[in-house]
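This report describes selected features of the structure shown below. Please keep the sequence and the model at hand while reading.

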Amino acid sequence: MAFLNSSLIFGGLFIALPLIIHMAMRRKPVPQLFPALRFVQQKQVSNQRTLRMKQWLLLFLRCLLVALLALAFSGPSADQAVAGNWIVIGIITTAVALVVIVAVAAWNSQVARPIVWSLVGVVVLGILLDILFVYRVSNDQDTVLIGDADAAVCAALIFDNSPRMSYQQEGETRLERAQEMATWLTSQLPEASDVAVLDRSTRNVVFSTDLNSTVNSIEQLQVEHNPVSLEFSIRSAMQLLSSSDFEHQEIYLFTDLSKVAWESVNMALKKEMEQQQIELFLIDVGIESPANVALSRPELQDELMIGQASTEVSVDVSHLGLETTRTLQLVVEEVDLTLPIITDGALETPPVRILAEQDLTFAQSDSISQQSVTFSLSGLPQGVHHGQLRLLGGDGLSVDDVRHFTVSSDVASPILIMTAEGVPTRYFTQAIAPQSERQMGRARYDFTVVRNGNITERGLEQYASVILIDPAPLSMETWQHLTHYVSGGGSLGVFLGPNMTAENLAQEDMVASLLGGSIKRLWRSDERNFLEAETNQHRVLKDFASLQGSVPWAQFPVVRYWQMAEVKETAQIIMRFSRQADHPAILENSFGGGTVITMLTPISEPLNLETRTPWNRLASGNDNWPYFILINAIAERLVSNRESRLNYQVGEIVLLRNDEGLFPGEYQLFTPDADLQNVQAVDASLQVSFTNTPGAYRLKGQQDGPLLRGFSVNALESFSDLQRLDSEVLDSKLGARQYQLAKNQEEVSFGVRQRRVGQEFFAVLILLVGVVFLLEHLMSNRFYAQQSEMVDSSERTVGEVVK
Amino acid sequence: MTAVESYLKPEVITQIKRLDLRAQFVVKGFLQGLHASPFQGFSVEFSEHRRYTHGDDPADIDWLVYAKTDKYYVKKFEAETNLTGYLAMDLSKSMGFTYRQELTKFDYSICLAAALCYLMIHQQDPVGLVTFDEKIRHCLPPKSRRSQLANVLSHLSQLKPDGQTNIAQSLGQLAAMLKQRSLVMVFSDFLSESQPVFESLRRLRHGGHDVILFHVLDESEVTFPFDGMVELQDPESEETLVVEAAGFRQDYATQIDTFRSEYQSECQNIGVDYVPLDTSMQFDRALMEYLLSRRSRC
């Protein structure tokens with residue numbers, strides 16, 4: 001309980017006035033002869049009792065009137081949570097006082113003692129109830145600090161400036177609405193308050209120097225495409241508020257109350273806010289019934305298109321709200337080596353070519369419905385191409401109406417295959433690049449096969465990968481040449497087989513370092529031995545992940561293999577043998593800048609061999625689709641070492657391969673918001689960390705003429721989900737009594753006053769004053785009616801008697 | 001209302017100091033108002049003939065006049081009566097009470113008694129006077145001579161209300177004293193125990209006497225006009241009581257009403273005429289009551 005004007009409570013001392021008037025100003029009786037005294041005597045006792053009772057009651061009402069007036073003007077208020085208890089306390093106290101008056105009057109009037117004692121019992125019961133309620137109120141841990149509404153406060157204005165807040169309605173985005181409300185709110189804050197403006201970015205925040213700079217900060221807010229979690233922002237605000245000396249600490253959170261935004265808010269936050277006694281005001285600037293059609297992040301079948309190969313671009317189109325029809329377009333920029341350029345602060349990019357479009361119709365839906373659309377993309381010339389999937393026509397949220405993608409069109413990746421004489425390589429080559437595809441120029445790989453030849457004279461950098469398929473023992477120079485190649489960023493695939501010797505593999509530590517472990521010996525097993533995945537998380541096994549153990553590896557026994565021991569820390573086991581769990585079957589080793597994938601049993605073993613028993617039936621077994629997937633994944637992993645990922649989400653760090661000799665060492669980076677940066681290659685790679693704006697990022701370099709590269713960055717899909725949070729969920733996260741929710745200025749004002757001042761009792765008390773005044777007026781009128789009226793009425797009575 | 005009739009009002013009659021004049025004016029005022037009433041025949045000073053009106057006894061029609069004028073006239077104008085009247089005055093101290101400081105109950109009663117005496121003497125009825133407090137103090141024997149009026153009025157004007165009263169005993173004493181069938185007119189406030197009074201009245205009635213009780217109260221004793229805290233004192237017993245007047249008014253009115261109703265009811269049972277009066281009321285009501293009583297006896 002707090003008082004706005006606590007000094008006025010002393011006005012309650014005026015309660016003495018009616019008492020003094022009653023006691024001291026009591027009129028002396030006027031002596032009067034009256035022969036008919038006996039008629040007065042007959043009713044004297046009962047009338048005196050009634051009169052005294054009424055006088056006490058009237059006195060009590062007058063005292064109560066003064067007390068209530070003093071109490072009302074002192075402005076009592078209590079936390080909303082316990083306001084009801086205080087009202088109950090007030091009612092009980094008044095009732096107790098009333099019963100006390102009646103009891104005293106009854107005692108004085110010599111009413112039957114059992115009645116008096118009953119009244120005393122009621123009084124005692126009332127006092128006990130009062131004590132109980134006061135105890136409960138004073139021990140309520142949920143109450144908040146209340147006090148002066150005009151006292152300076154320490155306030156943090158948190159804005160959810162995620163892309164979702166760019167939802168537009170009536171020509172105003174949610175963020176603009178929040179800014180408008182916040183500007184008004186700032187003008188309502190008491191002078192000398194500490195105010196800080198926070199959003200969902202990671203920048204450090206301090207208190208504004210004055211309210212004007214607060215308004216400036218609010219006006220400068222922009223949509224943050226890579227926001228931190230809402231909880232992070234709230235915690236930052238709490239940390240900032242804890243550094244303030246002000247007693248009242250308030251957080252104003254401007255939010256659209258979307259379900260996705262609040263998923264990150266942990267229940268533990270509620271407890272911490274309670275402990276820090278922070279008042280939380282949620283200002284809901286969201287839309288009750290949003291309507292939106294959103295594109296998901298495009299899925300590319302292949303980011304790299306080889307020759308005349310085609311790829312597929314898939315996108316999910318989700319819908320929420322009213323019935324609508326939208327057109328989805330696939331566009332790709334034309335190739336123009338002179339662009340981009342920045343002209344007058346605007347980014348000038350090549351014109352786009354519409355490759356496909358499709359009309360999509362959505363029925364009205366209160367929950368999100370989804371359609372998938374797939375476009376085929378082909379016929380692109382060599383180079384990097386930026387494209388867009390875009391929805392024509394507008395809706396509230398435009399940020400998810402356009403999605404960006406980047407594909408690269410290139411020639412087939414050259415692979416050098418080194419093997420022994422007589423080893424069939426067709427199983428391998430056919431699996432990853434069928435002959436028919438190669439003839440049509442659509443194969444991804446182009447092979448150069450060397451049998452028992454010397455590769456030391458050959459420049460290996462021109463190859464995307466070097467693969468050893470059951471090689472014969474290699475010379476020291478060859479091993480050194482391969483080591484040099486891998487350490488320079490090359491990728492090496494080693495599929496050991498019967499042609500290799502243990503001595504050759506163990507001759508130098510260099511080989512063990514290159515392969516990621518020491519080859520000990522040839523291991524003989526039986527038909528019950530097969531490959532088993534060590535981890536499904538590895539990129540090589542990603543296609544098996546969804547199958548969850550239903551891959552029939554047991555149908556492809558491995559009876560011979562090279563046993564590797566002492567696996568190095570740089571190596572990661574991808575698969576192992578089922579009979580000997582500590583024997584790796586496939587492992588990947590990072591060596592220098594490159595990668596080596598070693599398989600300890602042959603990859604291209606035919607079924608029928610004249611001279612020996614086949615080591616495994618991976619390639620020759622029936623229905624050997626696992627082999628096909630595995631080989632392709634290994635090849636892709638090896639080749640991708642030289643390729644770069646071209647499509648990212650906002651906030652991701654972009655890493656592009658930039659091999660010396662193949663690419664220039666320095667680029668100009670054109671960001672989607674027309675910013676120009678210089679980027680230099682370090683350790684054969686380009687790193688771009690400022691990817692907070694969705695769109696196409698273009699790299700422009702010089703390598704025998706202009707060279708254009710680039711990548712695309714898309715906004716997170718979660719920001720398209722406009723579904724609202726249920727109030728029950730919000731209550732469970734923040735505590736039903738721990739926050740105030742407001743939608744407009746009136747509700748904000750009311751809520752702020754409720755939390756800052758608490759539940760005010762002025763209106764209730766004034767109402768009570770009115771009621772008590774009315775009662776007092778009625779009673780006093782009854783007691784002290786005008787004499788003339790009384791005489792008139794008496795005359796009427798006599799007249800009736802005479803008749 | 002004519003000037004003469006205004007003397008029926010107590011506040012007007014107080015302006016006349018002489019009791020004989022008061023009585024004369026009251027009776028003249030009363031009779032002036034009776035010209036259209038059925039009681040005209042009781043007067044000896046009226047014209048001998050008047051037009052027959054509804055309510056007159058057809059036996060009184062003067063047929064000779066009818067023969068001459070072809071109109072009905074009544075001619076009976078002088079009553080043959082020997083009704084003996086006694087005016088019994090209460091001398092208790094309470095009768096001297098007045099709230100407005102105008103007419104006391106005693107003054108009012110004397111005025112009324114004088115008027116009745118005047119009326120009776122002029123009808124040649126013998127009238128006597130009895131005064132009492134705790135017992136009968138004086139007794140003026142009834143006579144019908146005109147000098148009796150002077151005697152009665154002279155006696156009345158010398159009376160002072162003082163001391164205690166015992167109405168029942170006094171009336172009992174009167175009943176024992178009266179030998180001849182009479183009309184007893186009692187003037188009192190009857191502020192004493194009522195049952196003994198009723199007993200005495202029964203005795204009077206048993207003796208063949210007609211009784212009219214003029215119950216005279218002060219205006220304040222009816223209206224209880226006090227306000228605030230008052231200390232009420234009984235002038236006879238000198239008992240005092242402090243009360244908040246406003247709180248008692250309603251109850252008092254009920255009490256006094258009950259008190260009068262009790263007298264009204266009991267008197268009706270006994271066959272006594274009961275006339276409740278207060279000092280603000282006109283005298284004609286009392287006189288009318290007398291005439292009604294006299295007619296019933298003729």
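## Conventions

Axes are lines fitted to C-alpha atoms, for helices over the stretch in contact, and angles run from 0 to 180 degrees between N-to-C directions. Helices (H or I, at least four residues) and strands (E, at least two) are DSSP runs, numbered from the N terminus.

This is a predicted model, in which local features need pLDDT of at least 70 and side-chain atom pairs count only at pLDDT 80 or more, while totals for chains, interfaces and linings use all residues. Residues are numbered from 1 along each chain as its sequence is written, and chains are lettered from A and ligands numbered from 1 in the order in which they are written.

## Helices α6 and α7 of chain B

The axes of α6(B) and α7(B) come within 8 Å and cross at roughly 10°. That makes α6(B) roughly parallel to α7(B) (angles under 35 degrees count as roughly parallel, over 145 as roughly antiparallel, 65 to 115 as roughly perpendicular and the rest as oblique). From α6(B), the contact is made by Ile167(B), Ala168(B), Leu171(B), Gly172(B) and Ala175(B); from α7(B), the contributors are Pro196(B), Val197(B), Glu199(B), Ser200(B), Leu201(B), Arg203(B) and Leu204(B). Two residues are in contact if their C-beta atoms, placed from the backbone, lie within 7 Å.

Helix α7(B) comprises the 13 residues 194-206, which should span 18 Å at 1.5 Å a residue; its end C-alpha atoms are 18 Å apart, in agreement. The expected span is 1.5 Å times one less than the number of residues. The buried residues of α7(B) are Val197(B), Ser200(B), Leu201(B) and Leu204(B). They cover an arc of only 100° around the axis and therefore lie on the same side of α7(B); the arc is that of the directions from the helix axis to the C-beta atoms. An α-helix has 3.6 residues a turn, so residues three or four places apart point the same way. A residue is buried if 20 or more other C-beta atoms lie within 10 Å of its own, exposed if 12 or fewer, and partly exposed in between, with C-beta atoms placed from the backbone.

The buried residues of α7(B) pack against α6 (167-177), β6 (182-188), β7 (210-217) and α9 (245-270) of chain B. On the other side of α7(B), Gln195(B) and His206(B) are exposed. Gly208(B), with a positive phi near 85°, follows the helix.

## Chain A in outline

Chain A has 19 helices and 39 strands. Of its 803 residues, 39% are buried. Among contacts between residues at least 6 apart in sequence, 78% join residues at least 24 apart.

## Strand pairing in chain A

Two strands pair if DSSP finds at least two bridges between them. In chain A, 5 strands form an open sheet of mixed pairing, in the order β31-β37-β36-β33-β34. The edges are taken by β31 (647-649) and β34 (676-680), each with a single partner strand, so one side of each is left without a neighbour in the sheet. The twist averages 30° from one strand to the next. Within this sheet, β33 (residues 666-670) and β36 (residues 695-702) run antiparallel and are joined by 4 bridges, with Phe670(A) opposite Arg698(A) in β36(A).

Strand β19(A) (residues 383-392) has antiparallel links to β14(A) (residues 324-333), through 6 bridges, and to β20(A) (residues 402-410), through 8 bridges. Leu391(A) in β19(A) is the bridge partner of Leu328(A), and His386(A) stands opposite Thr406(A) in β20(A).

## Loop residues of chain A

The peptide bond from Leu339(A) to Pro340(A) is cis, with omega near 10°; Pro340(A) lies in the loop between β14 and β15 (341-343). Two residues other than glycine have positive phi: Glu170(A), near 55°, and Asp470(A), about 40°. Glu170(A), in the loop between β5 (168-169) and β6 (172-173), is exposed, with 5 other C-beta atoms within 10 Å. Asp470(A), in the loop between β23 (465-469) and α12 (476-487), is buried, with 24 such atoms within 10 Å.

Gly592(A) lies in the loop between β29 (584-591) and β30 (594-599), and counts as partly exposed because it has 17 C-beta neighbours inside 10 Å. The C-alpha atoms of Gly592(A) and Ser487(A) are separated by 4.0 Å, although the residues are 105 apart along the chain. Not counting residues up to four places away in sequence, Gly592(A) touches Val486(A), Ser487(A) and Gly488(A).
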